[in-house]
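Hi,

Here is the structure I said I'd pass along.

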2 protein chains.
Amino acid sequence: MLEASELNFKDKMAENAKAKGSNIVLALDFPYEKPENRGILYRRAERVLEAVHPHVCAVKINHHLVLPLGIFPSVKNLVDLAHDRGLLAIMDCKVNDVGSTNQVIADYYFASGFDALIANPFVGWDEGLQPIFETARKLGRGVILLVYMSHKGAEEGYGQTVIDPEFGGQIPQYLLFARKALKWNADGVVVGATYPERIREVSNVLNGRVPIYSPGVGVQGGDIKSALESGATYLIVGRAITLSDNPAESAERIKRAVNAMVKL
Amino acid sequence: MLEASELNFKDKMAENAKAKGSNIVLALDFPYEKPENRGILYRRAERVLEAVHPHVCAVKINHHLVLPLGIFPSVKNLVDLAHDRGLLAIMDCKVNDVGSTNQVIADYYFASGFDALIANPFVGWDEGLQPIFETARKLGRGVILLVYMSHKGAEEGYGQTVIDPEFGGQIPQYLLFARKALKWNADGVVVGATYPERIREVSNVLNGRVPIYSPGVGVQGGDIKSALESGATYLIVGRAITLSDNPAESAERIKRAVNAMVKL
């Protein structure tokens with residue numbers, strides 16, 4: 001399905017989830033390793049990816065791997081491996097810099113093969129996220145926006161009340177971000193599984209037009225059932241798989257649990 | 001001055017600026033280079049750092065170098081070089097992830113020798129920035145918070161009006177962030193030189209207790225004089241130096257211009 005380059009990232013994800021029978025995105029995250037152990041870390045990431053790929057539709061990589069391993073060639077090799085195994089690859093860089101820097105960041109990640117980037121809409125459009133969206137469109141890649149994160153402190157920023165710059169009155173920050181996701185034609189939004197009520201509210205705004213990626217299931221305490229019932233499209237699962245004694249078994253168990261609840 | 005490990009980052013910066021006779025932070029940023037040219041990029045960064053170090057008090061590194069070069073060993077070598085030349089090193093990662101990930105990010109950057117990290121206060125404290133601040137304190141490193149960025153779209157997020165969660169009523173986002181910088185005892189805040197009026201307002205809140213780092217001078221259009229008069233403590237200068245035909249000469253010229261206006 002990766003050949004279908006006429007598809008945009010959003011459609012590729014939908015097709016891939018259907019083809020693989022899984023809406024799970026593997027967060028390939030590992031604890032800090034001493035720099036001298038980065039060979040061990042690389043092989044561990046490779047091993048988990050090889051074991052788990054039949055049970056997930058995409059892999060999400062974060063700084064847990066990018067910082068110790070570097071992109072070229074190590075993380076790029078993992079992205080290539082993911083593609084070879086039929087997975088899409090998302091870079092969770094939560095990009096939030098000025099436009100010229102965002103452009104450089106996107107250029108490096110897209111050059112290493114990532115199919116989509118995660119960005120923080122707080123940075124705004126003009127000289128902010130615009131260059132990333134434009135580059136992604138040009139290359140057939142995706143941009144996923146943070147709308148409500150999975151941690152406690154998310155309340156402080158994502159959950160704050162702001163003055164609606166368009167219509168006046170008060171509006172929660174996350175609903176303003178959901179509106180931006182529609183306006184900017186984002187390929188997805190992130191809403192933490194730890195906040196099912198927020199998933200529901202965001203889902204009502206997006207109305208099926210932008211899929212919801214939900215992290216925080218498992219170690220962070222999010223519940224699969226409530227996340228799905230509230231409108232999550234994809235579940236992002238990390239440590240419940242990567243730190244398991246048997247990552248493949250854990251991934252398969254979570255996949256079965258999800259598939260018993262959802263029709264892909 | 002780098003031996004004085006009993007000093008916190010904020011005090012180290014102040015001492016270093018005085019000792020070097022410069023309040024300029026060099027943003028060691030370069031345009032996108034093809035991955036196969038990363039050797040050239042490394043040598044270019046090294047050359048600019050060697051040429052410019054007499055005229056600046058610190059170097060700020062961003063993803064322009066981290067992504068193509070990797071931290072270990074390349075960026076770490078540049079940090080070592082900066083230290084050898086008497087500069088402090090700031091990583092502009094604009095970290096904005098959940099706490100456990102922020103912790104891993106901070107661990108890798110601090111392991112590579114960076115003296116301070118830049119973080120986005122939007123992520124909040126609980127399970128957000130708390131682990132970074134705690135790790136920084138333990139290691140004698142610093143955390144600098146984004147309060148108002150230098151690009152046009154900064155108005156959208158940093159410039160929005162929010163409901164004050166403590167006292168009620170309306171307050172600009174950036175003043176809420178300035179208040180967090182005081183509450184969390186940040187080692188600095190970033191306010192774009194392109195918005196001198198914002199520098200002044202933030203300076204009034206911080207009242208000299210937290211220094212203001214101001215990027216956006218030069219290529220982005222910020223004016224040195226108005227940034228300094230409005231309360232900027234350090235000027236972050238990147239492309240006006242790194243893309244110059246003669247980086248040392250450009251840095252020296254800017255330093256002289258600054259020093260004619262400010263008493264360090």
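**Notes on the two chains**

In chain B, β1(B), helix α2 (residues 38–52) and β2(B) form a right-handed β-α-β unit. Right-handed here is the crossover sense: with the strands pointing away from the viewer, the path from the first strand over the helix to the second runs clockwise. Helices and strands are DSSP runs (H or I, at least four residues, for helices; E, at least two, for strands), numbered from the N terminus.

Some housekeeping: this is a predicted model, where local features need pLDDT of at least 70 and side-chain atom pairs count only at pLDDT 80 or more, while totals for chains, interfaces and linings use all residues. Residues are numbered from 1 along each chain as its sequence is written, and chains are lettered from A and ligands numbered from 1 in the order in which they are written.

Back to those strands. β1(B) (residues 24–27) runs parallel to β2(B), with three bridges joining them, and Val25(B) sits opposite Ala58(B). On the other pairing, β2(B) and β3(B) (residues 88–95) are also parallel, over four bridges; there Ile61(B) has Met91(B) as its bridge partner. Strands count as paired if DSSP finds at least two bridges between them. Within β2(B) (residues 58–61), Ala58(B) and Lys60(B) point one way, Val59(B) and Ile61(B) the other, and all are buried. Buried means that 20 or more other C-beta atoms, placed from the backbone, lie within 10 Å of the residue's own.

Now chain A, which has 12 helices and 10 strands. Its radius of gyration, taken over C-alpha atoms, is 17 Å, close to the 18 Å from the globule rule for 264 residues, so chain A is as compact as a globular protein of that length. That rule is 2.2 Å times the number of residues to the power 0.38. Buried residues make up 58% of the chain.

Helix α8(A) (residues 173–183) has several buried residues, including Tyr174(A) and Phe177(A). The buried residues of α8(A) pack against β5, α7, β6, β7, β8 and α9 of chain A. Just after that helix, Asn185(A) takes a positive phi of about 55°.

Finally, the interface: 46 residues of chain A are in contact with 46 residues of chain B, contact being C-beta atoms (placed from the backbone) within 7 Å. On the chain A side, α5(A) gives the largest share, seven residues.

Cheers

How values were computed
Two residues are in contact if their C-beta atoms, placed from the backbone, lie within 7 Å. A residue is buried if 20 or more other C-beta atoms lie within 10 Å of its own, exposed if 12 or fewer, and partly exposed in between; C-beta atoms are placed from the backbone.
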